[in-house]
Amino acid sequence: MVDLKTPAEVEAMHAAGQIVAAALTAVKAAAAVGVSLRELDEIARDVLRAAGAVSLFDGYQPGFASTPFKGVICTSVNDAVLHGLPSDLRLQDGDLLNVDCGASVDGWCADSATSFVVGTPRPEDLALIATTERALAAGIATAVPGARLGDVGAAIGAVGTEAGVGTNLDFGGHGIGRRMHEEPHIPNGGRPGRGLKLRAGHVLAIEPWFWHGPGSTYLIDDDAWTLRSTDGTRGAHAEHTVAITAEGPKILTLRQ
Ligand code: MG
Ligand code: MG
């Protein structure tokens with residue numbers, strides 16, 4: 001069952017989205033060589049607390065995790081490609097960092113992520129991030145009334161394929177509302193013209209996740225959360241919470 005949100009409910013999610021955006025902006029501004037992932041988590045925690053928002057991540061335990069998540073952001077560095085648990089690891093020059101944050105206000109949720117390099121970037125990392133951002137924009141552009149859910153995934157997948165990066169379909173986007181993860185699942189690939197017909201009031205978290213190596217695989221660290229590529233391949237991830245409206249897609253987690 002995929003709920004439709006009223007315009008007032010979309011605005012409530014927008015309020016949450018602006019706080020998530022502010023947390024990501026603060027984390028990005030503070031991320032520098034020598035700063036620890038736990039320190040970044042504290043910065044995001046302060047933003048949420050000051051705004052009266054509730055973390056969607058802290059204590060979250062879906063079926064695939066053997067222990068609850070501890071932190072308000074995922075901090076995935078280099079070959080830690082997704083769901084990185086904040087730790088005492090200190091950032092080094094050239095690190096590729098993915099930060100993901102989710103929060104609710106009055107029970108309405110928003111979820112967003114961004115990737116960037118700390119210090120001196122490797123050109124291939126900047127290219128991977130640019131591809132991921134392009135895929136996110138392409139997916140969002142398809143999210144209009146009358147389109148099919150498959151159009152969103154196909155647009156994301158096409159950008160990745162054209163750039164020659166790897167896509168992993170294990171994790172993708174999702175519906176969002178009163179809960180962070182609602183129906184439908186949105187794979188980062190597939191064929192257009194299929195699946196749910198999008199209508200004004202659907203709200204989707206659209207989130208391409210790519211890595212350099214098309215043939216890469218991952219394992220989960222002993223912390224039960226951090227997904228790490230088995231061959232050292234780096235990943236990039238970008239996410240926005242997007243409302244489908246009669247006027248077109250509206251990004252609820254846009255950063256200033
Ligand atoms: Mg997220
Ligand atoms: Mg998400």
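The largest cavity of the structure is lined by Cys 74, Ser 76, Leu 82, His 83, Asn 98, Val 99, Asp 100 and His 237, where a cavity is a set of points, on a 1 Å grid over the protein atoms alone, at which a 1.4 Å probe fits but cannot get out, and lining residues have an atom within 4 Å of a point. The model is a predicted one, in which local features need pLDDT of at least 70 and side-chain atom pairs count only at pLDDT 80 or more, whereas totals for chains, interfaces and linings use all residues. Residues are numbered from 1 along each chain as its sequence is written, chains are lettered from A and ligands numbered from 1 in the order in which they are written, and side-chain values use heavy atoms, with hydrogens and water left out.

The elements that give two or more residues to the lining of this largest cavity are β2 and β4 (96-105), with strands taken as DSSP runs (E) of at least two residues, numbered from the N terminus. The most is given by β4, which supplies 3 residues. The lining divides into 3 nonpolar, 4 polar and 1 charged residues; in this division Ala, Val, Leu, Ile, Met, Phe, Trp, Tyr, Cys and Pro count as nonpolar, Asp, Glu, Lys and Arg as charged, and the others, Gly among them, as polar. The volume of the largest cavity is about 40 Å³, a volume being the space filled by probe spheres set on grid points that are joined across faces, edges and corners. The structure holds 1 cavity of 30 Å³ or more.

Cysteine pairing was examined next. With a disulfide taken as a pair of cysteine sulfur atoms within 2.5 Å, the count comes to 0 disulfides. Cys 74, which also belongs to the cavity lining, is in no disulfide, and the nearest cysteine sulfur, that of Cys 101, is 9.1 Å away, a distance too far for a bond. Cys 74 is buried at 7% relative accessibility and Cys 101 is buried at 0%, the classes being buried under 20% relative accessible area, exposed over 50% and partly exposed in between (1.4 Å probe, protein chains only).

The largest pocket has a volume of about 390 Å³, a pocket being an open set of points with protein on both sides within 12 Å along at least five of seven lines. Of the 26 residues that line this pocket, His 83, Phe 171, His 174, His 181 and Glu 207 lie nearest its centre. Two or more residues are given to the lining by β7 (173-175) and β8 (182-186), and the largest share, 4 residues, comes from β8. By class, the lining of the largest pocket comprises 12 nonpolar, 8 polar and 6 charged residues. The second largest pocket, with a volume of about 160 Å³, is lined by 14 residues, of which Leu 37, Ala 80, Ser 87, Leu 89 and Arg 228 lie nearest its centre.

Because Asp 111 lies in strand β5 (residues 108-117) and Glu 207 in the loop between β9 (203-206) and β10 (209-211), the pair ties together parts that are 96 residues apart in sequence. Both Asp 111 and Glu 207 are buried.

The structure holds 9 aromatic pairs, in which rings of Phe, Tyr and Trp (its six-membered ring) have centres within 6.5 Å, and planes under 30 degrees apart count as stacked, over 60 as edge-to-face and the rest as tilted. The rings of Phe 64 and Trp 225 have their centres 5.5 Å apart and their planes at 70°, so the pair is edge-to-face. Phe 64 is partly exposed, with a relative accessible area of 40%, whereas Trp 225 is buried at 4%. The rings of Phe 69 and Trp 225, with centres 5.1 Å apart and planes at 85°, are likewise edge-to-face. Phe 57, Phe 64, Phe 69, Phe 171, Trp 209, Trp 211, Tyr 218 and Trp 225 form one aromatic cluster.
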